[in-house]
Every structure is written in structure tokens, then in C-alpha cells.
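Here is a short briefing on one predicted protein model. Have the sequence and the 3D view open as you read.

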Amino acid sequence: MYAYDELDRTLINERVSEFRDQVKRRLSGELTEDEFKILRLQNGVYLQLHAYMFRVAIPYGTLSSMQLRRLAHVARRYDRGYGHFTTRQNIQYNWIKLAELPDALAELAEVGIHAMQTSGNNMRNVTSDQWAGVAPGEVEDPRIWSEILRQHTTLHPEFSFLPRKFKIAITASEHDRAAIKIHDIGLRLHKNADGETGFEVLVGGGLGRTPFIAKTIKPFVHGRDILSYVEAILRVYNQYGRRDNIYKARIKILVHELGIEKFAREVEEEWKLMGDVGLTLDHSAIEEVRSRFSYPAYEKLPHMPDELKQAAADPLFERWRKNSVAPHKVQGYSIVTLSLKPVGGPPGDATADQMDAVADLADKYSFGEIRVGHEQNLALPHVAKRDLPQLWRALDRLGLATPNVNLVTDIIACPGLDYCSLANARSIPIAQELTRRFANHDTADMIGRLHINISGCINACGHHHVGHIGILGVEKNGEEFYQITIGGRADENAQMGVLIGPAVPYAEVADVIEDIVEAYLALRDRPEELFVDTVKRLGVEPFKERVYATR
Amino acid sequence: MPLVKQGRITTDLFVHVADGAELPGDGAILISAARFLEDPEAILKRAGKTGVIWPNSRAVDDLVPYLDRLAAVALVFPTFRDGRAYSQARLLRERHGYEGELRATGQILRDQFVFMSRAGFDAFEVKKDADADAFAETMKRYSVFYQPTGDGRVTALNRRMQLRHSESAGQ
Ligand code: HEM
Ligand code: SF4
């Protein structure tokens, strides 16, 4: 965990008092809605269908139990008793009152939580691997670098009014859980031939209207230079990024229009001209940040404790364990994913009571720490294996032990038409319907890893392009239709899905998905071949045929 | 439009001269980049100070040869959402060593004063008198800064390292 010190806390409090003043001026009419808009967005406040929506940052997905309890409190005191974990390591509240927002922010600030730059045309909350610091084989804990970048990008005096939003994601693992290739800047921590730590820097990824996979702009930037290099990229973007058309203002368009080589040359030139402007991180600066991360005092535990051996007799436990428990870098410990995707539930929602209970479980079993991943699930990062059976029983009582992590019902979905003013179609009810269709665990197990992603409009908040199956809501003559893509993925081999044919009406979506899954079961060459791999091998044609032959 | 300098509403000594209009023989003038670049040497020979309004779509490089002879550079915020001039300001101050007045013009919210001042602006054409009145208060809002800029404010990281250093020295 990273502990905010007096300076971090002071800054957050100063931000709260500034926002309090801005809300006051808005309510008195001194600020017009147009003026207020850019200010509130920088504090994560949207005006949505029903009310103001409030988006709170969970930097690099790490929370303490105390912080999670406070998020629960905000849900209860200022909202309707629940919150929605999103694909960007934050939590959204949908029913907040503007006049109460400064108080909610002040309460969050007490535990080192803020909503700075969760929205707006600035550098957004830096995201990272939800297993950072505990995943086996990681180069080093990427959160140290995420925190360095969090600080650098917070209230940046040059880049708070960029052409568009700007997202940075970091991974330090071979297997990319942070989806770095669909971010404006993706950073992959690795070591060069001399054993020095640095980053492969990728730019220009993103989904939305014009999806792009990020391209490598430089294979190795030394850790000490990462701030200046990122600053150089942003300066080029701030000056040359288009502002005439918001749909073309993202850095991915600039990179695409210039070509990566030309863009890279511009950045390189800017970087050279920049010289030493105090951004180089010497060893002691990096260590200063590193020193404020604390790690649990792990015990020396057996690899296979008796408790686990005994529990293995229970098939329900085993099902959950196989599905939700991942290896930890320390022997005798595991990483446990808590599914926020119960059958029939809106993906990513958690009630205040659930959040409180998870906080208690984290205290009891995970050194008080919780993680939030972009799949809209939570995780307990340091659970002793001997505690797994007890933890499982507790989670089961809370409805948080659905053994569907990475399976067909572990659906990622944006709020769609139920909350979002930009939506063309509903997302949540589609997700709910699909979780009912595939509720049978044996079937789901047989299907294996399959990611379904749903977005209610082209903005792609549900990452539909990179879903193994992607579902995109579109509107046709006032009715909800859905385009289906297959073969997308968001990991280290990230790729956009391919459209299988004409959009289908709301009522047919679940049937179509069932058809696609059945086609896969018939077409895969062995049970271990994942859905995406079958699609890769055969292309979309056989799936298309199956879906449209009878429609 | 009130001009704020050093926290106070100040009288603007510069006269805006439109592109077609005749230049006064002396006195401080503020002219467009296009006009200035037509014949910079002639303009700089005038008695009286010269200020240039530089558009945010043009690299400041073209202005660099004249910087030490300019009394003011005005950068433009066509809307308060368009932040190109922040980069221009930092480049002028930090890379090119410009020391004259750096003025923010166009659409400016008082909530942006801190960003602007950190980027190097020291004069602000604000929309309302109330914004000018709020200047001092707004500038005091923040005491912690994460990024180094040419404004010389010590960053949080440096403060922490100094603290650590003095702690270990005192042991
Ligand atoms: C309900 C309020 C929301 C609104 C108004 C909204 C709006 C938008 C817009 C306009 C974009 C596209 C921006 C662009 O491409 O330049 C976007 C992108 C995105 N949103 Fe949302 N969003 C909302 C909620 C959410 C939620 C709940 C999630 C997560 C479940 C989410 C995750 C994302 C992500 C990941 C992207 C980036 C897609 C990409 O890589 O291009 N948003 N959002
Ligand atoms: S994808 Fe569209 S509908 Fe869904 S949350 Fe984003 S903007 Fe709203």
C-alpha cells in the first residue's frame, strides 16, 4: 500500500476547498453551466440522465479496507446504497446531489481518496495491473511508477486542458492485465540487456469511434527518464493534436495521421530540446516513492496447507478455487478474485453492505488490502491458502463467490441507457440476460475463458472492441440494435474484434450469443482451444454462417 | 477588459493596434503576429515598447529571434478549454528565457490562474472585475505542487527528499 503523507493530504484538501468554492459559485449563478462544466469534469462530476454522476479515482486499483469502508459510507450517505466499479479502476455513484458533493469529497479526502482527473480533457487516473506487487514473475511493482506518474500528472500546469482526455496504463508482467495497448500511452516495464529497469513506450491506442491498437514509439526508455519522455509526448500532442473536431482530437488520430515514425521523430526532437528541466528521477527520488509503499509481513507458510487439502473434497469449493484463486509470488499465499457478476446482476455493482463486508474480510484475510481490476471485479491480494475455505464461505454468504471469473458470465458492461445520457441502447439488461442463459456452471466451465464486453454506444466504455465477443448498442429508427464482433482481446496480444454481420434487435442478442458459443463448441479442435483462438484460426465466416443462416 | 498584474487591476499601458490601422510613432503597442512579422526590425526600431499577440496555432520558434527586444507577448486562449498556450508559455519562459510580460488573453477563468502562473504567465486579461478581485485568493489556494516548472516552486518530491536529508543529517 502507498501511504499519502502530509503533502499529498494537503493537496487533496486544497482541491476539495477549491471545488467547494466552485460549486458555491455555480449554485449562486456566478459560474455558468458552460464554465462550470470543465471544472466539475476535472473533479469527476458528470451530468447524467437522472442526476449528477460522481466518479471517484482508485489509483492503480489499490484500496485499503479503511478506504473501501469510506466508499461504502459515501454510497449510503450520499447515494442510494451502492456504487459501480468501472473498467477504469474507479467507482461511480449515479445519484449524487451537487450541493452535497463537496461534503462527500471532504469525507473521502480524510482517507486519501479523491476524484481529481477522473474525467475531463486532462491526464486521467493512471491505471495498472490489479495484481501489481503480488503477481509471480513481475519485473517489479508497477505501482511505484504509477504513483510517480499519478503525482506528476495531477494538476499538471501545462496539460490540464488537452485536446481530449488522456489515459496512461502500466504493466510489469508478461501477461498484460492492464490493457496497455488500448491506452493513449501504454508502458511496459522491463529490463534491458544491462539489467536496468525501463519502459517500452506505446502510444495511440484507444477504442471508441476510431479504434486503434497502440504502437511502440520507443522500445526502451530508462526509468529515470520516463517523466521527461511522457512530458515530451504530451507537449507534442498538446500543440498538434486536433481541436477542430472532438472525434478526431485523441492522440491516436494524431499518431495515425502523422504516422508513428514522424510522430516519434517529433517526440524525440522535443525530448532532446527539453534537456534537464528537473524531471530526471535519480535513484533517491525513486527510492523516496518506493519507501512509502508498505508490504505485508508475510508468514512462512506451507505450499499446500491441510485446510486446503480437506476442503478440496467439496466440489463447490473446488470449483470456486479453480476459478477465482490465482498464484501469488509468496509461497502459501494466493490472490483471490471476488466476482461482482452474480447471475442476474448488473456487472460491477456493489452495495454499501458488500463493500463494508469486503473491507472486514480484507482485514481478516488480506492484510487490509483490496484491489479493483478493469474487468469490474475486486480482488484480495494476499490471502493465506489455509484461509481460503473460510474466506470462500464468507464470500458465498455475501453473494461474492460466483465461480465465473473469466468465464462467459464474467461480463464487462457499461451502464448504457439505464444511466448514461449518451447511450443508444441498454447494456445492463443484456448482460443480465446473458448471465441467466449461461448460469449453468458446468456449461460455462466447458466453454472456458470467454470474455463478453458490452457498450451502449460507440464510446466503448464497455471495451466491446476488445471483447472475445463484443456487443455494441446502436440505434435504428428509434429501436435498440446491437452489432456483434468476435475475436477481440485486450491482453498482450491485443486486437480488435471483427464484425460478423448486420446488427440484431434487442430481443435476439442473447440467442445470437448462444449460437456463437455453440458454433465454437462444435468448431474448436480440442477443449483447451480458447474461443478467441478458434476465431483466429477459422476467421469469422463459420460463426457468421451459424448466426445468419436462420435469420 | 481588466488587466491583472501582480495581483492587482492595472492600467494597460499597451495600446492594441489593429492590423490595418496606422502605428503610433511612440508609446507601447500590442500588435498581431502577422503584422509584426511583416517587418519586425522596423517595428522594433520605433520609440516605444512592442508587444506581440501570438496565436496558439503557430510554433513560438518564429518569435524567438526577437524575444529580448519584446516588452510583452500575449498568448491566446480562444476558449477556456483550449490549452495550447500553456505549452507556448512554458517554452517561452523555460526554453527561450523570455523575461518580459507574458500575458494571457481570450477566455480565462479565475480557476485557471494557478495553472497559468505556473506555466509562466504574469499578466491576465480577465473577463470580470470580480475575477480580478479573486486573484490573490485564488493564487493562495494551493501550497503543494507535484511538477517542477520554471516558476521555481519546490515540488512535493523535493520537499520530501530535503526533509529526509535533514532528518538523517540530524541523527
Ligand atoms: C455514465 C456515464 C459515462 C459517460 C457519459 C461516459 C462517456 C464516455 C465517452 C464520451 C467516451 C469516449 C471518449 C473518447 O473516445 O474520446 C468514454 C470512453 C470510455 N469510458 Fe466512459 N462514460 C461513462 C461511464 C463509463 C463507465 C461506467 C465505464 C466503465 C464501466 C466507462 C469506461 C470508459 C472507457 C474504458 C472508455 C475508453 C474507451 C477507449 O479506450 O477509447 N465509462 N466514456
Ligand atoms: S459506452 Fe456509451 S452508453 Fe456506455 S457508458 Fe459509455 S457513453 Fe454511455
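## Helix α5 of chain A

The buried residues of α5(A) are A:Pro142, A:Arg143, A:Ile144, A:Trp145, A:Ser146, A:Glu147, A:Ile148, A:Leu149, A:Arg150, A:Gln151, A:His152 and A:Thr153. Buried means under 20% relative accessible area, exposed means over 50%, and partly exposed lies in between, with a 1.4 Å probe and protein chains only. That makes 12 of 12 residues in α5(A) buried.

This is a predicted model, so local features need pLDDT of at least 70 and side-chain atom pairs count only at pLDDT 80 or more, while totals for chains, interfaces and linings use all residues. Residues are numbered from 1 along each chain as its sequence is written, chains are lettered from A and ligands numbered from 1 in the order in which they are written, and side-chain values use heavy atoms, with hydrogens and water left out.

**More on α5(A)**

- Helices (H or I, at least four residues) and strands (E, at least two) are DSSP runs, numbered from the N terminus.
- Helix α5 covers residues 142-153 of chain A; at 1.5 Å a residue, its 12 residues should span 16 Å, and its end C-alpha atoms are 16 Å apart, which agrees. The expected span is 1.5 Å times one less than the number of residues.
- A:Arg143 lies in this helix. A:Arg143 counts as buried because its relative accessible area is 1%.
- Contact means heavy atoms within 4.5 Å. Leaving aside neighbours within four places in sequence, A:Arg143 contacts A:Met1, A:Tyr60, A:Thr62, A:Ala132, A:Gly133, A:Phe293, A:Tyr295, A:Glu369 and A:Arg371.
- A:Leu155 follows α5(A) and has a positive phi, near 50°.

**A:Ile286**

- A:Ile286 sits in helix α9 (residues 283-291) of chain A.
- Its relative accessibility is 11%, so A:Ile286 counts as buried.
- Beyond neighbours within four places in sequence, A:Ile286 is in contact with A:Trp145 and A:Leu281.
- A:Ile286 and A:Gly223 are 63 residues apart along the chain, and their C-alpha atoms are separated by 8.9 Å.

**Nonpolar cores**

- A nonpolar core is a set of buried Ala, Val, Leu, Ile, Met, Phe, Trp, Tyr and Cys residues joined through side-chain atoms within 4.5 Å.
- The largest core has 160 residues, and A:Phe54 and A:Leu71 have the most contacts inside it.
- Helix α6 (residues 226-240) of chain A gives the most to this core, with nine residues.
- Another core, of 35 residues, lies apart from it; A:Leu450, A:Ile471, A:Val517 and A:Ala519 are among its members.
- A:Leu71 touches A:Val56, A:Ile58, A:Leu63, A:Ile91, A:Tyr93, A:Leu108, A:Ile113 and A:Met355, not counting residues up to four places away in sequence.
- In soluble globular proteins, nonpolar side chains tend to be buried together.

**Iron site**

- The iron atom of ligand 1 has a single protein donor, A:Cys461 (SG), 2.1 Å away.
- Donors are N, O and S atoms within 2.8 Å of the metal (3.2 Å for Na, K and Ca); water is not among the atoms, so sites may look incomplete.
- A:Cys461 lies in the loop between β17 (452-455) and β18 (469-476) of chain A.

**Cavities and a pocket**

- On a 1 Å grid over the protein atoms alone, a cavity is a set of points where a 1.4 Å probe fits but cannot get out, and a pocket is an open set with protein on both sides within 12 Å along at least five of seven lines; lining residues have an atom within 4 Å of a point.
- Grid points are joined across faces, edges and corners, and a volume is the space filled by probe spheres set on the points.
- The structure holds six cavities of 30 Å³ or more.
- The largest cavity has about 170 Å³ of space. Its lining has 19 residues, and the closest to its centre are A:Leu155, B:Val114, B:Phe115, B:Tyr142 and B:Phe145.
- α1(A) gives the most to that lining, with four residues.
- The second largest pocket holds about 770 Å³. Of its 40 lining residues, the closest to its centre are A:Glu375, A:Val405, A:Asn406, A:Arg449 and A:His451.

**Positive phi in loops**

- A:Ala179, not a glycine, has a positive phi of about 55°. A:Ala179 is buried, at 1% relative accessibility.
- A:Asn477 has a positive phi near 45°. A:Asn477 is exposed, with a relative accessible area of 78%.
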